[in-house]
Amino acid sequence: MSGDDVVTIKTNEGTFNQSPGNGTAEELDQTTINLLTAVRTDRVKGFLAAHPQLVAGG
């Protein structure tokens, strides 16, 4: 991996997603959970191509 392959990715689409059960905690939205699945399965590049709004500054 080179520095050109590193990008900052927004979780929860860049917002604080307040947990309904604990107002001071953050809950992951479904898109972020899907991102983590893409990380686990080594499919981040394709996931980000389908969700370019998650790339910070992109």
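Which residues does alanine 56 touch, not counting residues up to four places away in sequence? I looked them up: alanine 56 touches Thr8 and Lys10. Contact here means heavy atoms within 4.5 Å.

**Ground rules**

I noted that this is a predicted model, where local features need pLDDT of at least 70, side-chain atom pairs count only at pLDDT 80 or more, and totals for chains, interfaces and linings use all residues. Residues are numbered from 1 along each chain as its sequence is written, and side-chain values use heavy atoms, with hydrogens and water left out.

**Overall layout**

I found two helices and two strands in the protein. Helices (H or I, at least four residues) and strands (E, at least two) are DSSP runs, numbered from the N terminus. Along the sequence I read the pattern β-β-α-α. The C-alpha atoms fill a box of roughly 40 × 25 × 20 Å, taken along the principal axes.

I checked the surface next. The accessible surface of the protein is about 4,300 Å². Carbon and sulfur atoms hold 52% of that surface. Accessible areas come from the Shrake-Rupley method with a 1.4 Å probe; for residues, only the protein chains shown count as cover.

**Back to alanine 56**

I placed alanine 56 in the segment after helix H2 (44–50). Buried means under 20% relative accessible area, exposed over 50%, and partly exposed in between (1.4 Å probe, protein chains only). I also compared positions: alanine 56 and leucine 36 are 20 residues apart in sequence and 17 Å apart in space, C-alpha to C-alpha.

**The core**

I listed the largest nonpolar core: Leu35, Ala38, Phe47, Leu48 and Leu54, five residues in all. H1 and H2 each supply at least two residues of this core. A nonpolar core is a set of buried Ala, Val, Leu, Ile, Met, Phe, Trp, Tyr and Cys residues joined through side-chain atoms within 4.5 Å. Then I looked at alanine 38. Leaving aside its neighbours within four places in sequence, alanine 38 is in contact with Arg43, Val44 and Phe47. Buried residues make up 17% of the 58 residues in the protein.

**Isoleucine 33**

I found isoleucine 33 in helix H1 (residues 30–40). Isoleucine 33 counts as partly exposed because its relative accessibility is 36%.
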